Amino acid sequence: MEQQEQKQHRSGFVAVVGRPNAGKSTLVNQLVGEKVAIISDRPQTTRNRILSILSTDAAQMVFLDTPGLHKPQDKLGEHMVQAAVNAIKEVDVVLFVVDASEKRGKGEQVILERLKEECKAPVILVLNKIDQISNKESLLPIIAHFQKEYPFRSILTLSALADEDFTPLLQEIEACLPVGPSFYPEDMYTDQPERVMAAEIIREKILQLTRDEVPHAVAVQVQEMKTRPNDMVYVRADIYVERDSQKAILIGAKGKMLKEISQRARKDIENLIGNRVYLELWVKVRPKWREKEGDLKRLGLANDRPQY
């Protein structure tokens, strides 16, 4: 009996695609039950593929939260788009997340064309943010439009932010996965090293606190992370921007902005590693880093291939 149950266990990879700011990262975090991907209201917050793992008794679902598909403006954008396209090609099922509260645009059509060209896996359409729609009947023409455009396995409506039960979606995903053992330990929920997650937490706070061109021009790299004799973890991170004016904004008058970023980030990093943290931040100017292949590689932002 146990052997038969083991044979029925399912496992596989799930690419989560959609336009920037469709709610992909919020949905993945909710499904996994852990904050793996950073969240902000800024488009293109996710820059690389992020692997999140949900293990149940019946299945292991490995989610690849991809950068939003968009028209790239620089080399960083090109790598982000390529990461999303590669994920579509190599997974067992795709979640296409659409912001149902926004008018349909060219972005969705571009993704549909990509799916037609590149995707061989079943695709589940997720109409997100329905909590922002007062007239639910307005969803019917949206559903009809997408049904005509692509042979989706299923179409579900939900609110990644407001819903508490995602059982229907999880059941649909599980049904698409092949029978097989788990790829990762059951207590593992991401493959990201703590250094990478700490850097992303710092960037999240910058996204929350700054405006205009600053968020897109920022990269964060943790240079040192070690436990000191008093059990406090010392974290030193460099924040890269492209211009002196952006550096001035991040530091703020008398260092006020940088101090606020540090305080907010330190709390989340402490929650992440379960230890007290001493966080030291340095802001450095690296002109046009988003256009330089060498800089992108050094910052870990030029890896197009999903590593799993």
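**View 1. Arg286 and the ring of Tyr240.** In this predicted model, Arg286 lies over the face of Tyr240, 4.3 Å from the ring centre. A charge counts as over a ring if NZ of Lys or CZ of Arg is within 6 Å of the ring centre and within 35 degrees of the ring normal. Residues are numbered from 1 along each chain as its sequence is written, and side-chain values use heavy atoms, with hydrogens and water left out. Local features need pLDDT of at least 70, side-chain atom pairs count only at pLDDT 80 or more, and totals for chains, interfaces and linings use all residues.

**View 2. The pair Phe13 and Phe183.** Six aromatic pairs occur in the structure; rings of Phe, Tyr and Trp (its six-membered ring) pair if their centres lie within 6.5 Å, with planes under 30 degrees apart counted as stacked, over 60 as edge-to-face and the rest as tilted. The ring centres of Phe13 and Phe183 are 4.9 Å apart and their planes stand at 45°, so this pair is tilted. Phe13 belongs to strand β1 (residues 10-18) and Phe183 to the loop between α6 (167-176) and α7 (194-209), so the pair ties together parts 170 residues apart in sequence. Helices (H or I, at least four residues) and strands (E, at least two) are DSSP runs, numbered from the N terminus. Phe13 is buried, at 8% relative accessible area, whereas Phe183 is partly exposed, at 46% (buried, under 20%; exposed, over 50%; partly exposed, in between; 1.4 Å probe, protein chains only).

**View 3. An aromatic cluster.** Phe96, Phe146, Tyr150 and Phe152 are linked into a cluster by ring pairs.
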